[in-house]
Amino acid sequence: MDTLAALQTFVKVVELGSFARAADRLERSTSAVSRQVADLEAHLGARLLQRTTRRLSLTDAGQAFFERAAQVVADLAEAEASVRSTAADLRGRLRINCGVTFGVRYLAPALAQFARRHPAIELDLDLSDRRVDLVEEGFDLGIRIGPVLHQGLIARRLGGSRMVCCAAPDYLASAREPLQHPADLAHHHCLSYTQLAVPNTWRFRDPSDEPVDVRVPLGHRANNGRMLVALAVAGLGIAFEPDFIVAPEIQSGRLVKILSHYRPEEAVISAVYPSRRHLSAKVRQLVDDLAAQFAQAAPWRID
């Protein structure tokens with residue numbers, strides 16, 4: 001038995017939670033991957049995985065073995081990378097996940113610069129506003145806006161984003177109700193983002209920095225911030241969206257900030273990646289580049 005190959009296969013099965021997904025990533029048959037893990041268990045004289053028709057789970061022995069095996073595999077990959085690659089000669093595929101608007105508008109230019117500097121890198125980009133499990137789905141890197149709740153991820157701050165309450169000048173000119181306090185939103189047409197845990201609750205901070213939560217009418221709604229901004233520009237209501245989405249409309253005057261004395265909270269923009277003692281050289285370099293670039297300029301800020 002090729003012990004190292006068996007370790008690599010076992011680690012990939014655990015990381016992806018499936019023999020089939022591991023087989024696809026390793027470009028082998030599912031039966032071959034399953035057999036290799038079974039051979040490893042026989043070699044060790046211990047069961048590492050509990051197999052059911054619906055999921056895989058580690059045994060106690062398997063959990064302890066996985067932690068050591070994952071580190072061995074990571075150390076080997078890092079050793080190989082240090083010999084074969086330098087920061088100027090990075091190569092291989094980078095799987096990256098990011099939200100749609102931030103990805104197209106701000107991440108794409110940064111990735112284009114990175115790809116030009118490292119032509120042997122192959123970018124594999126997934127843009128989605130759904131919650132993606134980076135470990136489960138095999139991503140090298142994700143860009144997250146807001147808290148990083150997954151305990152198996154390391155986060156590095158790239159910048160910050162603030163929510164902006166805004167509306168079209170025509171909407172404000174025709175509004176009959178005042179807009180001086182967040183509670184006044186209850187009497188207006190509000191455009192709700194359905195991906196929020198509570199789509200019709202908007203959070204502000206008053207001038208003394210105390211939180212002010214407001215439940216707004218659940219009227220027009222969408223699962224995409226750009227759609228809501230387009231509806232706001234058309235005069236259909238008030239939007240409450242991140243600055244990286246509404247910045248062009250605010251800067252052009254198509255939307256106007258309102259309730260400026262009530263400051264929405266800031267959300268951290270982070271590069272996140274699976275927790276490992278050793279990062280691959282290509283992921284480390286990309287994260288360093290993104291952190292440096294966004295520290296110098298955050299074009300979405302409209303403060």
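1. Phe102, Tyr106, Phe244 and Phe294 form a cluster linked by ring pairs. Rings of Phe, Tyr and Trp (its six-membered ring) pair if their centres lie within 6.5 Å; planes under 30 degrees apart count as stacked, over 60 as edge-to-face and the rest as tilted. Seven aromatic pairs are found in a search of the whole structure.

2. This is a predicted model, in which local features need pLDDT of at least 70 and side-chain atom pairs pLDDT 80 or more, while totals for chains, interfaces and linings use all residues. Residues are numbered from 1 along each chain as its sequence is written, and side-chain values use heavy atoms, with hydrogens and water left out.

3. The rings of Phe10 and Phe65 have centres 5.6 Å apart and planes at 45°, so this pair is tilted. Phe10 lies in helix H1 (residues 3-16) and Phe65 in helix H4 (residues 60-84), so the pair ties together parts 55 residues apart in sequence. Helices are DSSP runs (H or I, at least four residues), numbered from the N terminus.

4. Phe10 counts as buried, at 0% relative accessibility, whereas Phe65, at 22%, counts as partly exposed. Buried means under 20% relative accessible area, exposed over 50%, and partly exposed in between (1.4 Å probe, protein chains only).

5. Leaving aside neighbours within four places in sequence, Phe102 is in contact (heavy atoms within 4.5 Å) with residues including Leu107, Ile143, Phe244 and Trp300.

6. The charged end of Arg95 sits over the ring of Phe139, 4.1 Å from its centre. The criterion is CZ of Arg or NZ of Lys within 6 Å of the ring centre and within 35 degrees of the ring normal.

Definitions and conventions: Helix = DSSP H or I, 4+ residues; strand = E, 2+ residues; numbered from the N terminus.
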